[in-house]
Amino acid sequence: MYDNQSHPYPFRMRRVITASFWVVGLLSLASMILIFVPQASAQNPTPTPAISDDQVNAIAKEMYCPVCENTPLDVCPTQACAEWRELIREKLAEGWSEAQIKQYFVDRFGDRVLATPPARGLNWLVYVFPPIAILLGVFLLYSAFRAWRRSAPPPAQASPPAVGSTLNGDEYVRRLEEELRKR
Amino acid sequence: MSEVITESTQEVTVRSRPRWGRILAWGGLAILLALLFFGLLRTQSGGKRIGAPAPEFTLTTFDGQTYRLKELRGKVVVVNFWASWCKPCEQEADELETAWRYYQPRGDVLFLGVAWTDTDKKSLEYLQKFGITYPNGPDLGTRMAQAYRITGVPETYIIDRDGKLAYFKLSPFLSVEEIKSAIDPLLED
């Protein structure tokens with residue numbers, strides 16, 4: 001028979017209480033799994049670092065979208081440029097370096113996306129022509145100054161001041177008028 | 001007498017400048033002008049002359065298939081430039097897909113979509129959104145766009161069976177009939 005002295009509840013009652021504890025325990029465990037596991041599975045695979053706009057724009061300001069010429073990518077308001085900036089953000093989040101990102105854009109969209117074109121092919125002219133033009137200009141100026149100095153009258157002739165020059169001038173004017181009269 | 005004065009002045013000028021310096025200066029100027037001339041010539045000339053051979057291209061689609069124009073002789077090729085951010089492109093998306101489904105069973109008309117300055121993710125979203133089934137791919141390096149001198153999107157170029165440019169439109173198609181009226185004459189011969 002039942003030993004009601006050692007146990008406060010009868011055997012059937014004890015089984016019910018034990019079963020209740022199990023049910024409550026299992027339900028609690030299930031609730032905890034439902035609450036915490038989905039979050040963990042969403043976070044674990046690819047923890048994406050937050051990439052700031054400044055980080056994106058640091059690269060974007062050195063690039064141009066072919067759609068909106070002459071507007072740097074970091075300030076371009078079009079949707080196309082916004083998508084490009086978003087792509088930069090994604091690549092940065094994946095751990096790509098600035099050089100890798102720029103190369104990716106060059107491969108996809110051509111050299112024209114770069115603010116400073118790479119020195120190859122006809123692009124060399126961009127780097128070579130300005131220094132050559134400056135050197136040429138300096139040389140021409142130098143030549144011109146030298147020529148002017150040579151063609152200037154010697155100081156001895158220039159020193160007798162206004163009289164000679166006035167006379168020369170008058171002589172020139174007189175001849176000029178004479179020529180004009182002939183015509 | 002005045003001639004004497006002029007001559008002497010010229011003589012002084014000529015003597016004062018070294019000849020090779022002048023040659024260098026004029027030569028540099030000539031080279032610069034030549035570069036400008038050919039640059040402008042290149043900008044002005046393009047693939048938009050009806051009857052001229054269409055610029056060759058190689059298009060690798062989003063699913064990895066490669067199409068080369070020179071290998072498509074005997075087919076009428078419809079090349080449509082578009083972008084996911086382009087609203088006018090959306091206007092003609094349904095028309096192009098309908099036209100493609102109309103011509104596809106014939107086998108002698110090929111539609112090719114070229115995503116211009118677009119990101120792959122957005123391009124694929126666009127294709128899915130409009131249910132586009134004809135081959136589409138990115139314009140890598142914007143080489144096709146440069147070859148066809150496109151000025152924006154959408155633009156459509158239709159190339160005849162001999163590889164010559166037969167038709168182009170620099171704005172969206174307004175109806176399927178409009179697309180058919182551009183393609184059908186090329187299938188008659």
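Reader: What share of the contacts in chain B between residues at least 6 apart in sequence join residues at least 24 apart?

Author: This is a predicted model. Counting contacts in chain B between residues at least 6 apart in sequence, those that join residues at least 24 apart make up 74%.

Reader: How many helices and strands are in chain B?

Author: Along the sequence, chain B reads α-α-β-β-β-α-β-α-β-α-β-β-α. The count for chain B is six helices and seven strands.

Reader: Why is strand 4 of chain B largely enclosed by the rest of the structure?

Author: Strand 4 of chain B covers residues 109–115. A residue counts as buried if 20 or more other C-beta atoms lie within 10 Å of its own. Strand 4 is largely enclosed because, of its seven residues, the number buried is six.

Reader: Which residue is the bridge partner of B:V76 in strand 4 of chain B?

Author: Strand 3 (residues 76–82) and strand 4 of chain B run parallel and are joined by seven bridges. The partner of B:V76 is B:V109.

Reader: Which residue in strand 5 of chain B does B:G113 stand opposite?

Author: Strand 4 and strand 5 (residues 136–138) of chain B are parallel, with three bridges. The residue opposite B:G113 is B:N136.

Reader: Which element gives the largest share of the side of chain A that touches chain B?

Author: In the contact, 21 residues of chain A meet 19 residues of chain B. Elements of chain A giving two or more residues include helix 3 (79–93) and helix 5 (124–151). The largest share, seven residues, comes from helix 5 of chain A.

Note on methods: Residues are numbered from 1 along each chain as its sequence is written. Chains are lettered from A and ligands numbered from 1 in the order in which they are written. This is a predicted model: local features need pLDDT of at least 70, side-chain atom pairs count only at pLDDT 80 or more; totals for chains, interfaces and linings use all residues. Helices (H or I, at least four residues) and strands (E, at least two) are DSSP runs, numbered from the N terminus. Two residues are in contact if their C-beta atoms, placed from the backbone, lie within 7 Å. A residue is buried if 20 or more other C-beta atoms lie within 10 Å of its own, exposed if 12 or fewer, and partly exposed in between; C-beta atoms are placed from the backbone. Two strands pair if DSSP finds at least two bridges between them.
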